[in-house]
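Here's a walk through one protein model, from its sheet and helices to its aromatic side chains. Have the structure open as you read.

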Amino acid sequence: MRICVIYDCLYPYTVGGGERWYRNLAERLAAEGHEVTYLTLRQWKRGRQVEIDGGVRVVTAGPRMALYTADGRRRILPPLVFGLGVFWHLLRHGRRYDVVDTCSFPYFSLLAAAALRPLMRFELVVDWFEVWSSAYWREYLGDAGGRIGGLVQRLCAHVRQRALCFSELHARRLREEGLRGPVTVLRGLYAGTIEPPAPEPVDPLVLFAGRLIPEKRVTLAVAAIALAAERIEGLRGEILGEGPQRAALDEAIVEHGLQDTVLALGFAEPETVDSEMRRAMCMLLTSRREGYGMVVVEAAARGTPSVVVAGEDNAATELIVEGVNGTIAERSDPQSVADAIVRVHGAGLALRRSTAGWFAENAERLSLEHSLRVVLRIYAGESGERDSRSS
């Protein structure tokens, strides 16, 4: 098939779950023998030739632009420019594609593809990593901007499409937004080895790994580690990641007197993340908003349980089986999160063994290859809903 993958970011020029998914998807599709075009914004110097393994053709639909504001939120102009660029590209070349696979966000590229689909006759597949609530829209853009953002999101839900989600939470919200047609929930985004890990005793180390944006609540992680350290002898913390909350993180470490206990190591290479995950007692995900929660799967693949925080926008809780591969803090306050860390410590090696067992049992459906098979069925016009029911 001839497939156009549309996303305004490209890994590793920007780093995130969506970037990894689309890069992996494009590479796997090309490896299967499909003709793949990756349409994106330019994130590199003008004149540079960018390649993706397997012969994926990288095409830019807009200039290099700063995607985020100083506080880590998306700017409005780049999605508008990208939407226009996608429209122009598909207007000229849309008939060459059998399938256009686009992320729902930023929405203007989806609307551009939807407007041209009847004329160009390609199949439109839309990946919904998140469906924002009205409350979150208002918080993100204010009352007026939030209402407009919510209306645009609803308009996108009403577009004729084959929809993919990565959690039951956002699949349910998408149906509530008015989507007509099937929604397939994919569980497999993990591109690493699915060989079961061999759990071993580890040091009392709490690991946080993620972009330092307000939604990740890294200062909550520091406060919780401070309280847990009062009950767990020798407890330490490591924070991997960079972002606009770095200054707040450094201040929180000093405020709680944890300069010798919690290390803020900044951005880490994949090899470092892997080694730290393996030796950590637990992965701490204090995020209030997750469309999937990849770090939970990555930690489990190394036999490391996770602590996540319950919340109406946090789909990562769907990946936790209480007491089997981690635990859920029911409230987003430091004491509740600290209690969860203490529970993991108390469970010891038995929890690491059950985490490894959980991953071994679920590894196939959590793998990227499993999702690829489902996506290819959807591209071919078959129903993929059974993937949701089997998850």
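Helix α10 (residues 334–366) lies across β8, β11, β13 (306–309) and β15, and runs at about 165° to β15. Here helices (H or I, at least four residues) and strands (E, at least two) are DSSP runs numbered from the N terminus. Axes are lines fitted to C-alpha atoms, for helices over the stretch in contact, with angles from 0 to 180 degrees between N-to-C directions; contact means heavy atoms within 4.5 Å.

A word on the source: this is a predicted model, where local features need pLDDT of at least 70 and side-chain atom pairs count only at pLDDT 80 or more, while totals for chains, interfaces and linings use all residues. Residues are numbered from 1 along each chain as its sequence is written, and side-chain values use heavy atoms, with hydrogens and water left out.

Now the sheet itself. Six strands line up in the order β10-β9-β8-β11-β13-β15, making an open sheet with parallel pairing (two strands pair if DSSP finds at least two bridges between them). At the edges sit β10 (262–266) and β15 (326–329), each pairing on one side only. On average, neighbouring strands are turned by 20° against each other, direction ignored. Take β8 (residues 205–209) and β11 (residues 282–285): they pair in the parallel sense over two bridges, and Val 206 stands opposite Cys 282 in β11. Another helix, α7 (residues 246–255), lies across β9 (236–240) and β10, at about 160° to β10.

On to the aromatics. A search of the whole structure turns up 14 aromatic pairs. Rings of Phe, Tyr and Trp (its six-membered ring) pair if their centres lie within 6.5 Å; planes under 30 degrees apart count as stacked, over 60 as edge-to-face and the rest as tilted. Two of the pairs are shown here:

| Pair | Centre distance | Plane angle | Type |
|---|---|---|---|
| Trp 132 and Trp 137 | 4.5 Å | 55° | tilted |
| Tyr 190 and Phe 359 | 5.7 Å | 90° | edge-to-face |

Tyr 190 is in the loop between β7 and β8 and Phe 359 is in helix α10, so this pair ties together parts that are 169 residues apart in sequence. Trp 132 counts as buried at 10% relative accessibility, and Trp 137 is buried at 5%. Both tryptophans belong to one aromatic cluster that also includes Phe 105, Tyr 107, Trp 128, Tyr 136 and Tyr 140.

How values were computed
Buried means under 20% relative accessible area, exposed over 50%, partly exposed in between (1.4 Å probe, protein chains only).
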